[in-house]
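I opened this model to look up two things.

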Protein chains: 2
Amino acid sequence: MATIRDVAREAGVSIATVSRVFNQTALVTDATAQHVRTVASRLDYWPNSAARSLITHRTHAIGVLLPDLYGEFFSEVIRGIDMAARREKYQVLVSSSRANAETIVAAVRALRGRIDGLIVMAPDADATAAIGDFAARFPVLLLNPGATAIEVGALSIANHEGAYAAVRHLIDLGHRRIAMVMGPSGNLDAGERNAGYRQARADAGIAHLPELELAGDFSESSGFQAAEALMRIRPRPTAVFAANDYMAIGLISALRDADVRVPQDLALVGFDDIAIAQYLSPMLTTVRVDACELGERAMQRLLPFARTRRPAEPHRETLPTTLIVRHSCGAQTPANGATVGSRHRPRGTRHLDDRTSAVRDGGAPGEV
Amino acid sequence: MATIRDVAREAGVSIATVSRVFNQTALVTDATAQHVRTVASRLDYWPNSAARSLITHRTHAIGVLLPDLYGEFFSEVIRGIDMAARREKYQVLVSSSRANAETIVAAVRALRGRIDGLIVMAPDADATAAIGDFAARFPVLLLNPGATAIEVGALSIANHEGAYAAVRHLIDLGHRRIAMVMGPSGNLDAGERNAGYRQARADAGIAHLPELELAGDFSESSGFQAAEALMRIRPRPTAVFAANDYMAIGLISALRDADVRVPQDLALVGFDDIAIAQYLSPMLTTVRVDACELGERAMQRLLPFARTRRPAEPHRETLPTTLIVRHSCGAQTPANGATVGSRHRPRGTRHLDDRTSAVRDGGAPGEV
DNA sequence: AATGTAGATGTAATCGTTTTCATCGTTCGT
DNA sequence: ACGAACGATGAAAACGATTACATCTACATT
């Protein structure tokens, strides 16, 4: 592998000049620059990034710490991160870890020195706490941290507002006995969605009923199992809000097996709007979260701090969600089969933009 | 940030000793080692990986080059890679690129010097070719490269055998007019699946009919659109093999809209066995590919070469696939609702193991 | 007691860059 | 025509580790 010295010798210049050519730093004569470039490409020279980052204290890499969960949501977030990274010429170092504080600290330690900034998806409260002191002296951005006391740059989605809108929609359709399939306990997104569910009930004057909150863990199979518990409840709920789409899929499957019709016998709303939501039968009404944008935005927020290696300022931002009305909720759809959803801005937090997007859906999926 | 010098000074030893303590290389007195460790942790010292890799020529990182496609398959592969990496204390640098040769070369160049080895998911033939000369002097492992002339370490899945089994299964059920929804043109996996489809037809003495091969690109919407084309074919096919599950989902959705019953009016088999396949209605008969294992195995294969930084030996290995019989193919299922699939070993290539796994499915998804 | 040996530790070179500062022509204002 | 200013380039000192080699000590061997 050719080094900067080889290029310098071959081109008859000093290594400083070669370095300048590659960094476009000080002004070098066009002729020399061109010559150096020619020689460099002939020798197939490329700057050694270890040597470079040793002296510059920059790695041009961002770490992404994921929870152990996987699925479409995460892969979309990574995709967004990757898109932004590529645009900004940064590398992405991914690393997953069990959610517990100990392994998170270990993972962060292993990443240390290899990255200029860190994006942490820490869906659990203790995970968030574990990152706290590190974030005070390193550029860290938390994804979906929920409400926490620690001061840290964070980006979350409007879980509460989205869930509220979903449940409110069911209430507006006349439902009163509305169950919810919860997410994993300790998961902050799940917690906020539950809070939104409760708030919507309370605001409509519907009493809180603990037995309507069914256990779940975001997996299809937990949704499947929740359906069985659901059907044992008397009087039977007429609607159910699933904390994510995967569980909604499990629900649909179990309900079909039990000959419970969706939405006639039981209305259903999910959360996330994963790609296949519109291809399910019935087409799933759900709360759209733009996971890809979340990742992209996280990178955008983090990069300025990563470049200067200063801790990110403790500013929280919340991405809006959109209720996508399809068929599983049983809403009457307009003649063309399309309904309108509105964008939910988080209360009391800054939001990304002001527009309220109108969402038409319910037509042929292929057209969307 | 404390350096090795700070620790050495503080502990009253030389930097060489500190280095030895952290690398467990030469024997150091237990007392000194313990003392150094104490001081190091007090100063919150951690070896600078740039400096370390500058002199050792090792980065302890593996690059993963992905195509632009996303979805469950890729996220599962990454998950497998990540699992193996964590076990072996390697970092994972992901980078996606358009499939064309030019951007792949650019991506490889950007990764150069930061990684000890590279896993490339190159579903296209030209992408594979682009990597060729690089692989001759660097540890590279190709995923899903299909049959290519270049000598390179590779890992693929038994596309041909899986597709053959799927179509053969449909033939055994009495179907003769069997269509196929193709994958993206140029995609090698898709090509092999198509070859398996044709082979199964040929072996059963069914003539090749080009009009039964419908365009698709692995997306749900392309499956949806293919269904429309499918229904215009006269005489109408009685079965269809989709080159992946996402397209099968699009097909199911479109067929339902058109009141075509699956499997009664049209039998359907997919490919990949994504998580939700068993929750679809009807439950999808498909060819299982263990994407996670693929990633894990890739890492296993690559690491020995990455450690020594020697080009991987040009050896190809193929992971078996399994036909999972559920309801969408219309097969009669045993009394307990379960059917048996068998594992397909690639012909003429080495396979991972000899077992022929029996797969029972068709029961309640929650129980699987 | 002299010598050999082995284990523990230190010294210093090295990895491949970036960057400060010095140097050396040019050109320009007067 | 002369010094100033400036633009292009080079020399050399970091950056923070690893490691070959040297050194030193303690102890066994003769």
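**Entry 1: contacts with DNA strand C**

I started at Tyr45(A), where a side-chain N or O atom is 3.2 Å from a sugar or linking oxygen of DNA strand C. I note that this is a predicted model, and I read each distance below as a computed value.

Next I looked up Ser19(A). An N or O atom of the Ser19(A) side chain is 2.5 Å from a phosphate oxygen of DNA strand C.

I then asked which elements give two or more residues to the surface near DNA strand C. Chain A contributes α1 (4–11), α2 (15–23) and α4, and chain B contributes α2 (15–23) and α4 (49–56).

**Entry 2: the surroundings of the strand**

How many residues surround DNA strand C? I find 31, and the closest come from both chains: Ile4(A) and Ser19(A), with Ser14(B), Thr17(B) and Leu27(B). Of the DNA strand C atoms that come within 4 Å of the protein, sugar and phosphate make up 59%.

I also sorted the residues of this surface by class. There are 16 nonpolar, eleven polar and four charged residues.

**Entry 3: chain A against chain B**

I turned to the protein interface. Here 53 residues of chain A are in contact with 53 residues of chain B. The two chains bury about 4,700 Å² between them, and carbon and sulfur atoms give 54% of that area. Which three residues supply more than any other three of the area that chain A buries against chain B? They are Gln91(A), Arg112(A) and Tyr279(A), with 14%.

**Entry 4: polar links and strand pairing**

I counted six salt bridges between chain A and chain B. One that I looked up joins the side chains of Arg109(A) and Asp44(B), at 3.6 Å from N to O.

On the side of chain A that touches chain B, the elements giving two or more residues are α4 (49–56), α5 (72–87), β2 (91–96), α6 (101–111), α10 (220–232) and α11 (245–257). By class, that side has 21 nonpolar, 19 polar and 13 charged residues.

Last, I checked the strands. Do β2(A) and β2(B), residues 91–96 of chain B, pair in the parallel or the antiparallel sense? The pairing is antiparallel, over three bridges. Within it, Val92(A) has Val94(B) as its bridge partner.

Note on methods:
Residues are numbered from 1 along each chain as its sequence is written. Chains are lettered from A and ligands numbered from 1 in the order in which they are written. This is a predicted model: local features need pLDDT of at least 70, side-chain atom pairs count only at pLDDT 80 or more; totals for chains, interfaces and linings use all residues. Side-chain values use heavy atoms; hydrogens and water are left out. Contact means heavy atoms within 4.5 Å. Buried area is the accessible area (1.4 Å probe) that two parts lose on being put together, summed over both. A salt bridge is a side-chain nitrogen of Lys or Arg within 4 Å of a carboxyl oxygen of Asp or Glu. Helices (H or I, at least four residues) and strands (E, at least two) are DSSP runs, numbered from the N terminus. Ala, Val, Leu, Ile, Met, Phe, Trp, Tyr, Cys and Pro count as nonpolar, Asp, Glu, Lys and Arg as charged, and the others, Gly among them, as polar. Two strands pair if DSSP finds at least two bridges between them. A residue is near a molecule or strand if one of its heavy atoms lies within 4 Å of it. A polar contact is a pair of N or O atoms within 3.5 Å; within protein, one must be able to donate a hydrogen and the other to accept it, and residues adjacent in sequence count only if both atoms are side-chain atoms.
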